[in-house]
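Colleague: I am new to this structure and would like to know what the terms used for it rest on. Please show it to me first.

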Amino acid sequence: NMPEAAALKDSSGKSKGGAFVDRDKPAQIRFSNISAGKAVADAIRTSLGPKGMDKMIQDGKGDVTITNDGATILKQMQVLHPAAKMLVELSKAQDIEAGDGTTSVVVIAGALLDACAKLLQKGIHPTIISESFQKAVEKGVEVLTAMSQPVELSDRESLLNSATTSLCSKVVSQYSSLLAPMSVDAVMKVIDPSTATGVDLQDIKIVKKLGGTIDDCELVDGLVLTQKVANSGVSRVEKAKIGLIQFCLSPPKTDMDNQIVVSDYAQMDRVLREERAYILNLVKQIKKAGCNVLLIQKSILRDALSDLALHFLNKMKIMVVKDIEREDIEFICKTIGNKPVAHIDQFTADMLGSAELAEEVSLDGSGKLVKITGCASPGKTVTIVVRGSNKLVIEEAERSIHDALCVIRCLVKKRALIAGGGAPEIELALRLAEYARTLSGMEAYCVRAFGDALEVIPSTLAENAGLNPISTVTELRNRHAQGERTAGINVRMTSAESLLGDKFMLRPIIYSINLNQLKVFLRSVLDCAEYLNTM
């Protein structure tokens with residue numbers, strides 16, 4: 001009975017009386033998972049907070065990105081280890097759910113993994129650790145909810161402060177006085193503050209245009225197109241009637257490649273005449289519907305707009321913008337209230353949208369934009385034009401504005417604020433230590449470790465700002481113990497102090513969402529005891 005006997009032997013070759021046992025394997029795998037997660041968290045730790053460092057990332061094609069947005073850094077990193085990949089997914093989830101706080105969620109995850117490693121080394125079973133962490137998270141969410149302040153959407157000051165807090169840690173932080181009000185106004189324009197429970201960020205289009213500086217960014221109540229006006233004759237149309245067509249204004253081509261041999265010049269004339277008549281007929285129908293601004297969808301098969309058609313449109317004083325991207329069509333229709341037309345027979349007056357003004361604006365020497373403003377039936381959409389002197393600045397500005405919009409979106413979802421600057425983390429550490437005293441046995445030990453791990457945020461904030469992390473965190477602990485629940489690190493004043501009231505360090509209460517995602521992540525790392533490679 002050889003095969004069975006072989007199966008009973010473990011890797012060291014000794015038979016363990018009855019069952020296949022390899023005690024070390026799961027433990028090694030857990031430690032490998034933990035060290036991979038910690039490595040990722042350490043790579044991103046230095047970019048936390050307003051004084052965090054930026055990262056310069058070069059991808060395979062040689063493109064350079066400069067950012068300190070946690071999710072962006074992790075997205076660009078080529079992570080191979082499965083456990084480290086989960087950390088990247090965690091920051092993506094935070095980016096989708098909350099939009100901001102992506103760096104902190106990864107740093108906390110790293111610290112909690114570290115705590116797990118220490119507990120595992122003491123011989124505590126992973127299931128016990130994972131269950132105690134569940135308890136700690138539930139308690140943590142209670143504590144956070146208790147220390148939050150309700151906020152009304154009419155309270156513009158608080159909204160601005162939250163957006164500013166989010167922008168403070170970005171590369172474009174010195175422009176937060178311009179970008180924060182812009183983000184707040186953008187969100188307020190696309191929702192109805194009294195009834196809204198969420199914000200669709202698809203309604204806020206961010207248009208990037210190279211040139212100028214970030215000071216030139218603006219919020220446009222209407223539509224902005226980066227495409228040029230095709231016919232130079234008409235660059236401003238008041239009381240615009242706007243049509244959006246998805247068919248081509250050019251002579252029809254046959255479906256297959258075939259050649260027509262024209263032997264007689266009279267025939268040639270006739271072909272050209274037919275072509276003229278065909279195009280003129282199309283243009284006349286467009287004019288008849290009362291359209292005076294025409295947007296043409298990009299076409300790959302043939303010219304969306306032939307020179308002849310352009311000539312006729314110019315004569316009829318119709319402004320033409322071509323090469324509209326397919327993904328922009330939905331936004332355009334929502335903004336102007338028109339409908340896309342796929343065939344000339346459907347081109348009627350009720351398919352058009354109307355606006356007060358459509359004009360081509362020249363941006364001092366750095367290209368032109370088409371702006372359509374004063375839409376008669378606005379569909380609650382706005383456009384933010386982002387300007388910058390180079391590609392890196394523009395992309396980083398776009399990411400920062402996106403984060404600020406997300407912060408305000410979170411406030412619309414959950415109308416409560418908590419202090420920033422490491423205050424909630426210290427408060428949690430304190431409350432969880434108290435809670436641990438009410439528990440018994442291993443659980444108390446694990447909950448305590450969870451609380452201590454959260455202190456990584458204030459200590460990293462202090463470290464990145466050049467303060468002494470140990471004395472700062474000790475000072476904060478002392479203040480929280482005396483009942484100052486909102487004491488945090490003010491990096492500008494380089495001291496620990498209360499950050500509510502006149503100090504503007506406010507964040508939405510997304511961080512309770514944070515903890516729930518961490519819970520799932522840690523559970524999956526701890527409960528994983530085997531790698532099966534299915535290559």
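Modeller: One term is needed at the start: contact means heavy atoms within 4.5 Å. Please keep in mind that this is a predicted model.

Colleague: Which residues is Ile129 in contact with, leaving aside its neighbours within four places in sequence?

Modeller: With those neighbours left aside, Ile129 is in contact with Cys116, Leu119, Leu120, Ile124, Cys446 and Leu526. Ile129 is also one of the residues with the most contacts inside the largest nonpolar core, along with Phe133, Phe450, Leu518 and Phe521. That core has 64 residues. Helix H5, residues 102-121, gives the most to this core, namely 13 residues. Apart from it lies another core, of 36 residues, including Leu159, Met182, Cys217 and Cys406.

Colleague: What makes a set of residues a nonpolar core?

Modeller: The residues must be buried, come from a list of types that includes Ile, Leu, Phe and Cys, and be joined through side-chain atoms within 4.5 Å. As a general matter, nonpolar side chains tend to be buried together in soluble globular proteins.

Colleague: Why is the pair of Phe133 and Phe450 called edge-to-face?

Modeller: Ring centres have to lie within 6.5 Å for a pair, and planes over 60 degrees apart count as edge-to-face. For Phe133 and Phe450 the values are 5.1 Å centre to centre and 70 degrees between the planes, so the pair is edge-to-face. A search of the whole structure finds one aromatic pair. Both Phe133 and Phe450 are buried.

Colleague: What does the pair tie together?

Modeller: Phe133 lies in helix H6 (residues 126-147) and Phe450 in helix H14 (residues 441-453), so the pair ties together parts that are 317 residues apart in sequence.

Colleague: How do you know whether Tyr265 is buried or exposed?

Modeller: Exposed means over 50% relative accessible area. Tyr265 has 68%, so Tyr265 is exposed. Tyr265 lies in helix H9, residues 265-288. Together with Ile260, Val262, Met268, Val271 and Leu272, Tyr265 makes a nonpolar surface patch of about 620 Å².

Colleague: What is stated about the phi of Lys239, and what about that of Lys317?

Modeller: Lys239 is not a glycine, yet has a positive phi of about 50 degrees. Lys317, not a glycine either, has a positive phi of about 60 degrees. Lys239 is placed in strand S7, residues 236-245, whereas Lys317 is in the loop between helix H10 (307-315) and strand S9 (319-324).

Colleague: Why does Lys317 count as exposed?

Modeller: The cut-off is over 50%, and Lys317 has 59% relative accessibility, so Lys317 counts as exposed. Lys239, at 61%, is exposed by that cut-off too.

Definitions and conventions: Residues numbered from 1 in each chain as written. Predicted model: local features only at pLDDT ≥ 70, side-chain atom pairs only at ≥ 80, totals over all residues. Heavy atoms only, no water. Buried < 20%, exposed > 50% of the residue type's maximum accessible area, 1.4 Å probe, protein only. Helix = DSSP H or I, 4+ residues; strand = E, 2+ residues; numbered from the N terminus. Patch = residues over 30% accessible without salt bridge, like charges linked within 9 Å, V, L, I, M, F, W, Y side chains within 5 Å. Areas by Shrake-Rupley, 256 points an atom, 1.4 Å probe, with all protein chains shown as cover. Salt bridge = Lys/Arg side-chain N within 4 Å of Asp/Glu carboxyl O. Phe/Tyr/Trp six-rings, centres within 6.5 Å; stacked < 30°, edge-to-face > 60°.
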